Amino acid sequence: MTHRAKVSSCDLPQGSGLLTHKQPNDFLDCFVVQADTTPRKAAEIITDFPFWAQWLLKVRGVVTAPFGLSKDGPEAADKVGPFPVESETEDELIAGFNDRHLNFRVSVIVRDGQVSLATWVHTHNIGGRLYLACIMPFHILIARNGLRRVQKAVA
């Protein structure tokens with residue numbers, strides 16, 4: 001019998017660098033799982049997307065190309081998956097970028113044997129709000145799956 005990781009919704013951990021980005025009406029979610037690793041290792045596992053998520057990202061790229069949205073994120077010396085690393089401390093890695101329709105960052109925090117994955121989004125216009133509404137079910141699936149893969153990889 002395989003053990004399925006218990007991924008739970010949670011509040012953003014105190015002291016997260018995402019708090020410097022958050023404005024009223026921004027989107028913010030956070031999930032947590034029991035696992036002990038580094039933020040960088042967890043972020044690398046999370047952004048090593050499974051085939052089905054890679055396929056969804058390719059579909060997203062095709063659908064959004066006419067609107068001039070970034071497919072792979074901007075060039076950067078340090079990236080996790082397609083996301084440029086904005087900051088990294090001993091317990092938190094923040095990555096993401098600003099695009100035409102929205103700004104987003106993901107935070108991976110490791111504290112007390114738990115890995116938290118938070119996503120912050122600030123939309124710029126109706127296009128950003130529509131985009132966020134459309135991708136939300138997929139975002140939740142990908143985030144929860146990523147944390148399950150972290151727990152399995154470090155178990």
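Let me start with Thr 119, which sits in strand 7; helices (H or I, at least four residues) and strands (E, at least two) are DSSP runs, numbered from the N terminus. What you see above is a predicted model, where local features need pLDDT of at least 70, side-chain atom pairs count only at pLDDT 80 or more, and totals for chains, interfaces and linings use all residues. Residues are numbered from 1 along each chain as its sequence is written, and side-chain values use heavy atoms, with hydrogens and water left out.

Is Thr 119 buried or exposed? Its relative accessibility is 7%, so Thr 119 counts as buried. Buried means under 20% relative accessible area, exposed over 50%, and partly exposed in between, with a 1.4 Å probe and protein chains only. Leaving aside residues up to four places away in sequence, Thr 119 touches Phe 27, Leu 28, Asp 29, Arg 105, Val 106 and His 139. Contact here means heavy atoms within 4.5 Å.

Helix 3 has 29 residues, 126-154, and at 1.5 Å a residue it should span 42 Å; its end C-alpha atoms are 40 Å apart, which agrees. The expected span is 1.5 Å times one less than the number of residues. Helix 3 does bend, by about 50° at Met 136, with Pro 137 following within four residues. That bend is the angle between axes fitted to the seven residues ending at a residue and the seven starting there.

Next, the largest pocket, which holds about 1,200 Å³ of space. Of its 47 lining residues, the closest to its centre are Leu 57, Arg 60, Phe 83, Tyr 131 and Ile 135. Which element gives the largest share of the lining? Helix 3 does, with eleven residues. A pocket, on a 1 Å grid over the protein atoms alone, is an open set of points where a 1.4 Å probe fits, with protein on both sides within 12 Å along at least five of seven lines; lining residues have an atom within 4 Å of a point. Its volume is the space filled by probe spheres set on the points, which are joined across faces, edges and corners.

Last, Asp 36, in the loop between strand 2 and helix 1. Asp 36 is exposed, with a relative accessible area of 60%. The C-alpha atoms of Asp 36 and Val 154 are separated by 6.9 Å, although the two are 118 residues apart along the chain.
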